[in-house]
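Dear colleague,

I am passing the structure on to you with this email, and my notes on what was found in it follow directly below. Please read them with the structure open beside you.

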Amino acid sequence: MHFAVTRPARLLPLGDTAFSFCARIEHAFDTHRTETDALQTQSTQGEMHYYRYESAEVSCCYKYMMFSYNIIFWLAGVAFIGIGFWAWSEKGVLLDLTQVTRLHGFDPVWLVLAVGVVAFILGFAGCVGALRENICLLKFFSGLICLILFLELTVAVLAFVFKDQVREWISDFFLVNIKAYRDDIDLQNLMDSLQRLNHCCGAESPDDWNMNVYFNCSKDNPSRERCGVPFSCCISDPADNVVNTQCGYDVRAKGGDLSKAIFTRGCIKAMEQWLPRNIYIVAGVFIAISLLQMVGLYLARNLVDEIRKVRYHY
């Protein structure tokens, strides 16, 4: 009877087993890497291998709509700033900046420059923020839009609540600018435009022009315009093709019924009567401007969300 003697299987230590398992995983990764390099090499040599990888990108729609929206503001800002400096150059202010402080009334160029600077900053922040996908600039744009909206609503509410104070402020504004009527050509054009458009003269009445050194009725006034009014107060004949700039001379000195020659209604009262008649136009303009600002705010916020999604994806 023969007994077969078998060699017992050799048991590997636990450390050797783990080493063998890790070696197999490393070999599998090396094989996969080699195959991937080979495929890439074949692709670069002209083989028709196409690989499509899913990637997140910022929406071109929001991006270029935001850019187009703000390029209008940017160009408008540049235009307003250019007009403002051109007006100052015509008056010689750029050669002597002290003329700005010597003006006793309101200089309309300041308003033009302020609108231009705000529009330029808005347009610049929006355009660069959209093209460079800069969240900081887009947030600055959104914040500035929100601030402007808040100020507009605040001014509208305060003007409605404090109507008497607003009326007094406008009256003072007119009187100050009547005194400085001849000091600045832009101020003069502004006052003439307000009087012609509203068919009015002075703040409360034509006698308000006594506050101007050229138009007052004092006996020691040597001005040829003494006791007169600016030509913008005159009732013009529709048949006249040439504006008569001397039509207001000596009008108040003659006495009698002035309503046949000049407008006798004050500009404050004229503006109070104009607003109720055109309330729907004013409201429509205000709503249109607000909607335009909200569109910009919507585009900016959506673009910021798109940029954040892309950055989170990567």
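Phe-120 has a relative accessibility of 29% and therefore counts as partly exposed (buried means under 20% relative accessible area, exposed over 50%, and partly exposed in between, with a 1.4 Å probe and protein chains only). Trp-74, at 29% relative accessibility, likewise counts as partly exposed. The structure holds eight aromatic pairs, where rings of Phe, Tyr and Trp (its six-membered ring) pair if their centres lie within 6.5 Å, and planes under 30 degrees apart count as stacked, over 60 as edge-to-face and the rest as tilted. One of them is formed by Trp-74 and Phe-120, whose ring centres are 6.1 Å apart and whose planes stand at 35°, so the pair is tilted. This pair links distant parts of the chain, since Trp-74 belongs to helix 2 (residues 60-91) and Phe-120 to helix 4, 46 residues apart; helices here are DSSP runs (H or I, at least four residues), numbered from the N terminus. Ring pairs also join Trp-74, Phe-120 and Phe-124 into a cluster.

Before going further, please keep in mind that this is a predicted model, in which local features need pLDDT of at least 70 and side-chain atom pairs count only at pLDDT 80 or more, while totals for chains, interfaces and linings use all residues. Residues are numbered from 1 along each chain as its sequence is written, and side-chain values use heavy atoms, with hydrogens and water left out.

A second aromatic pair, Trp-169 with Phe-173, is stacked, at 5.9 Å centre to centre and 20° between the planes. Because these two residues are four apart in helix 6 (residues 163-179), about one helical turn separates them. Trp-169 counts as exposed at 57% relative accessibility, whereas Phe-173 is partly exposed, with a relative accessible area of 25%.

Turning to helix packing, the axes of helix 4 (residues 108-131) and helix 5 (residues 135-161) come within 8 Å and cross at roughly 145°, where axes are lines fitted to C-alpha atoms, for helices over the stretch in contact, and angles run from 0 to 180 degrees between N-to-C directions. The crossing is left-handed, meaning that the near helix is turned anticlockwise from the far one by less than a right angle.

In the loop between helix 4 and helix 5 sits Glu-133, which has a positive phi of about 55° although it is not a glycine, and which is partly exposed, with a relative accessible area of 24%. His-199, in the loop between helix 7 and helix 8 (251-254), also has a positive phi of about 55° without being a glycine, and it counts as partly exposed at 44% relative accessibility.

Lastly, Asn-198 lies in helix 7 (residues 185-198) and counts as buried at 17% relative accessibility. A polar atom of the Asn-198 side chain lies 2.8 Å from the backbone oxygen of Leu-194. Apart from neighbours within four places in sequence, Asn-198 is in contact with Arg-265, Ala-270 and Met-271.

Conventions. A polar contact is a pair of N or O atoms within 3.5 Å; within protein, one must be able to donate a hydrogen and the other to accept it, and residues adjacent in sequence count only if both atoms are side-chain atoms. Contact means heavy atoms within 4.5 Å.
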